[in-house]
Amino acid sequence: MHLLGLYHYWVFAVLLMIGFYAVIAKPNLIKKLIGLSLFQSAVFLLYITMGKVEGGTAPILQAGAENPLYSNPLPQVLILTAIVVGISTMALGLGIVVRIKEEYGSIEEHDIQEIDRQ
Amino acid sequence: MIEWSHHLPALQVVVPMLSAPLVMLLRSRGLAWAAATTASLFSFAIAIALSLGVLDGETFNYRMGDWPAPYGIELGVDAFSALLLLLVTGASTLALLAARHSLDAEIEAERQPLFYTAWLLALAGLAGIPVSADAFNIFVFMEIAALASYVLISGGPDRRALPAVFKYLIMGTIGATFYLIGIGLIYLMTGTLNLADMELRIHAVADLKPILVAAGFITIGLALKAAVFPLHVWLPSAYTYAPNVVTVFLAACSTKVAIYLLLRFDFFVFQPNLVGHDVQFTYFLMPLAVLAILIGSGVALFERNLKRMLAYSSVAQVGYILLGASFVSLAGVTASVLHMFNHALAKGALFLAVTCLATRCSGLRLDSIAGAARHMPWTMGAFVVAGLSLIGIPGTAGFVSKWTLISAALAEGATGGALVAVIVLGSLMALIYIWRVVEAAYFKAPEKGVAPLREAPPMLLAVTWAAALANLYFGLVPSLPISLSSAAAEILLRHVP
């Protein structure tokens, strides 16, 4: 039961590994980027779940609420930044894939290696 | 009256970061170049002012928005970060001064302002990592620097840069994400992101699993960024196909900044608190460092493309830097930090000389530079001086750091002797691959039907010689890098039991 109680860590670990597998194993550059995106999203989940306090509310001052229990807002703020970084990486990665397609006519890793070898 | 010197750590990042959008607005490439170079010179001046302050015993701590640490973000400059700032801003300034002529051949005029914008962003990110004292802030700077350098590398005319940069993007992002997982786990256990605060709070939870896992993730993630063998596979192609001046800039400082962070994190946060961590650190890094030296130099021996040869040599040099750090001793860490500085000087000067060759020769293979010294004696002269420094001939900067590294290794007892043999073997291999270039340029007849070459443009040549002479100067008068790196080693080992 102890292991099930930590289910959000399992989600994090499984998602991380699925993404990582796709990055390593898939020869298609777009699929690699999708894997990379999954990989990063898993880390976002790790941060967001750690900030949740059981029974805690949003950290906003409310009139009349005596000693309310707040969730930790900092991990969410951090991950907002990390999401922006992730989007920029994805945009740049896709941009490079478009350029690769223009230059090589393919987005399969082994095709590109084959063309470079000639 | 504002006290300017107090704001220097913040200005170090703010100047290049705010100049970047301004440069983008300038439509003329000459103006854009002038503005970017001025911004880079200005940050170099700030780095010099900070280093002089640090040498005088001043400490720089800056609270962003006047929020006290650990709640606010803190910036701090000590001897270690000052040395790195000198490297980053110095390399950027020299490369930009040399860039005009070389870039005109590689990048269309209308795209040049955008290129300089990316350059300044890379500079801001690389300079931000040493000044920041906040683990998450460092992640953001790391990604700014990385994204901007992907753009810089893929900016050249060679299409092979694109798959190379894609590989770099994938591996760099995995490295940065590993680092993010690591600091996430530490934050989970300690509730802080400030490095100094983390060091104090981690003690109570140091023997718990998440901290160990975090140490693993952070070490591997940063090792990826630092191109530690066998995680270096992104480096050779990225350096080879990037525009030449970009290679000068990135080869001199981007892996060094990652090593800086690896050392700072490990010696500040993990070494003082994790039981047995120093032994693991040594046993993990020392074999990798030895393999990097042997295999990196070995591959460089057989490379026929000049830039790829020097890139593999960089893999080997990262090995020397880590070897010193893996001793976890004052002498070893001093040698390691000193070699960061001296290798950046030597490799920067070498790649500048290669840039000179590239402006005149048809290619950068050993055959295409055959006989080049006859028509470009100054370029090849600078190459030889920087090459001697890379090998570690007495009188050059490279000798000073190899010598301190060897004396640190000798203090290690039995394994030390074997390590000295590895260092000497690595240097001999460096002698051979530098000699192959010298042989081609001085003693081979040029290919038939090739128009005679001319000496490189004067501005480029002047910058190349300035870098080459710096190798001689810091070889004969090494007091500045030695005092900074021994102060850095003392800071790093201050809390290590």
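In the predicted model, B:Tyr260 is buried, with a relative accessible area of 0% (buried means under 20%, exposed over 50% and partly exposed in between, for a 1.4 Å probe and protein chains only). B:Phe80 likewise counts as buried, at 0% relative accessibility.

Over all chains, the structure holds 20 aromatic pairs (rings of Phe, Tyr and Trp, the last by its six-membered ring, with centres within 6.5 Å; planes under 30 degrees apart are stacked, over 60 edge-to-face and the rest tilted). B:Phe80 and B:Tyr260 form a tilted pair, 4.7 Å centre to centre with 55° between the planes. Because B:Phe80 lies in helix H3 (residues 79–106) of chain B and B:Tyr260 in helix H10 (residues 244–270) of chain B, the pair ties together parts 180 residues apart in sequence. Helices are DSSP runs of H or I of at least four residues, numbered from the N terminus.

B:Tyr168 and B:Trp234 form a stacked pair, 4.2 Å centre to centre and 5° between the planes. B:Tyr168 is buried at 9% relative accessible area, and B:Trp234 is buried at 1%. Ring pairs also link A:Phe20, A:Phe39, B:Phe178 and B:Phe217 into a cluster.

B:Arg264 lies over the face of B:Phe268, 4.9 Å from the ring centre (NZ of Lys or CZ of Arg within 6 Å of the ring centre and within 35 degrees of the ring normal). B:Lys402 lies over the face of B:Tyr320, at 4.8 Å from the ring centre.

Residues are numbered from 1 along each chain as its sequence is written, with chains lettered from A and ligands numbered from 1 in the order in which they are written. Local features need pLDDT of at least 70 and side-chain atom pairs count only at pLDDT 80 or more, while totals for chains, interfaces and linings use all residues; side-chain values use heavy atoms, leaving out hydrogens and water.

Terms used: Helices (H or I, at least four residues) and strands (E, at least two) are DSSP runs, numbered from the N terminus.
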